[in-house]
Amino acid sequence: MLDVRRLHLLRELDRRGTIAAVAEALTFTASAVSQQLGVLEREAGVPLLERSGRRVILTPAGRSLVAHADAVLNRLEQAAAELAGARDGIGGPLRIGTFPSGGHTIVPAALAELARRHPALEPMVREIDSARVSDGLRAGELDVALVHDYDFVPATPDTTVDEVPLLEEPMYLVSRAGGEAMRTGGAEAMRTGGTEALRTGGTAKSGSGDTLAALLGPCAEVPWITARDGTTGHAMAVRACQAAGFQPKIRHQVNDFRTVLALVAAGQGAGFVPEMAAVPSPAGVMLTKLPLFRRSKVAFRAGGGAHPAIAAFVAAATTAVDVMAGSGGRVRNPA
């Protein structure tokens, strides 16, 4: 009989690439991981791993077994959800991951809704980049998380994670009012200060290079403010500029969009922000609506969507987004 815990280790090796990375993520020693994978090979009766230089890669039999491990662990999540549903009430810890702008907009409203409906629940919030959420969910560090992807940086399909769409919102170019972009007329309707710009900003038709060149081109020579290297936000900014015909000269790297707005207002360059983070914006900032979008979702381990605590968070986050939309937050629910 194959051991489920060892199947979990094999799946993590397939996702993370090295035994050292698996050991670090799951708080084992590398030797313990190697030993357990060796036992799994003996249980399977065929080679599952082979050396490739300093790395260990999966054999065809190993990759096939990972697909079965996905199915087995999915069913175990379903079983855990069903058992949790049989208990009275919803309570206990709920480990929630979020990206920064979700953390100061959606999450507080969702937690207030959870406290009202399920006071025995104990939410614990952790800021994490969307690119790392899948690892955090599989390692058991998170139970549920807000994640997002951007045009130019589509989400990579992941059989270990299920997602519920939450909202879609446009991206804005943020530049200094009265700067180069204003003088050259890069956008049709722009105004300093934030809310008026959101009402009047022109929306271009879906993502052609010519449209992006017209909107972003006036900022081609200014410094750029992006998210940190290795994040989806950083990749989106670089690829959008490349689609517009230039390589951005990155000066600052920050993950908080409020800091991006403040740096632009201080004359430190141009950047991108989603609509959720664009209001309010400081004086001296110009917002130009772009034909680019960010899509936010709630993610959890595959098979776990029926768990009462996870379902409660999905409902609370959806309510929070609906309230934002109804109060002029301008986010758009994809449903």
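Reader: Let's start with Glu43: is Glu43 buried, exposed or partly exposed?

Author: Quick heads-up: this is a predicted model, where local features need pLDDT of at least 70 and side-chain atom pairs count only at pLDDT 80 or more, while totals for chains, interfaces and linings use all residues. Residues are numbered from 1 along each chain as its sequence is written, and side-chain values use heavy atoms, with hydrogens and water left out. Buried means under 20% relative accessible area, exposed over 50%, and partly exposed in between (1.4 Å probe, protein chains only). Glu43 has a relative accessibility of 30%, so the label is partly exposed.

Reader: Which residue does Glu43 form a salt bridge with?

Author: A salt bridge is a side-chain nitrogen of Lys or Arg within 4 Å of a carboxyl oxygen of Asp or Glu. For Glu43, the closest N and O atoms of the pair are 2.5 Å apart.

Reader: What about Arg16 and Glu12: about how much of the helix separates them?

Author: These two form a salt bridge as well, with the closest N and O atoms 2.6 Å apart. Glu12 is buried, with a relative accessible area of 0%. Both residues belong to H1 and are 4 residues apart, so their separation is about one helical turn.

Reader: Which residue's side chain meets Arg95 in a salt bridge?

Author: Arg95 counts as partly exposed, at 31% relative accessibility. The N to O distance in the bridge is 2.7 Å. The partner is buried, with a relative accessible area of 10%, and is called Asp143.

Reader: How many salt bridges does the count come to?

Author: Some salt bridges join up: Asp149, Asp151, Glu163, Glu168, Arg295 and Lys297 are linked in a network. The count of salt bridges comes to 23.

Reader: How far does helix H4 reach from its first C-alpha to its last?

Author: H4 (residues 60-86) has 27 residues. The expected span of a helix is 1.5 Å times one less than its number of residues. That gives an expected 39 Å, and H4 comes close to it with 40 Å.

Reader: H1 passes H4, so is that crossing left-handed or right-handed?

Author: The axes (lines fitted to C-alpha atoms, for helices over the stretch in contact) come within 9 Å and cross at roughly 120°, with angles running from 0 to 180 degrees between N-to-C directions. That makes H1 oblique to H4, given that under 35 degrees counts as roughly parallel, over 145 as roughly antiparallel, 65 to 115 as roughly perpendicular and the rest as oblique. A crossing is left-handed if the near helix is turned anticlockwise from the far one by less than a right angle, and right-handed if clockwise. For H1 and H4 the crossing is left-handed.

Reader: And how far apart are the axes of H6 and H14?

Author: Helix H6 (residues 106-117) packs on H14 at an angle of about 120°, in a right-handed crossing. Contact means heavy atoms within 4.5 Å, and among the residues that meet are Ile106 and Leu114 in H6 and Phe313 and Met324 in H14. The distance between the axes of H6 and H14 is 8 Å.

Notes. Helices (H or I, at least four residues) and strands (E, at least two) are DSSP runs, numbered from the N terminus.
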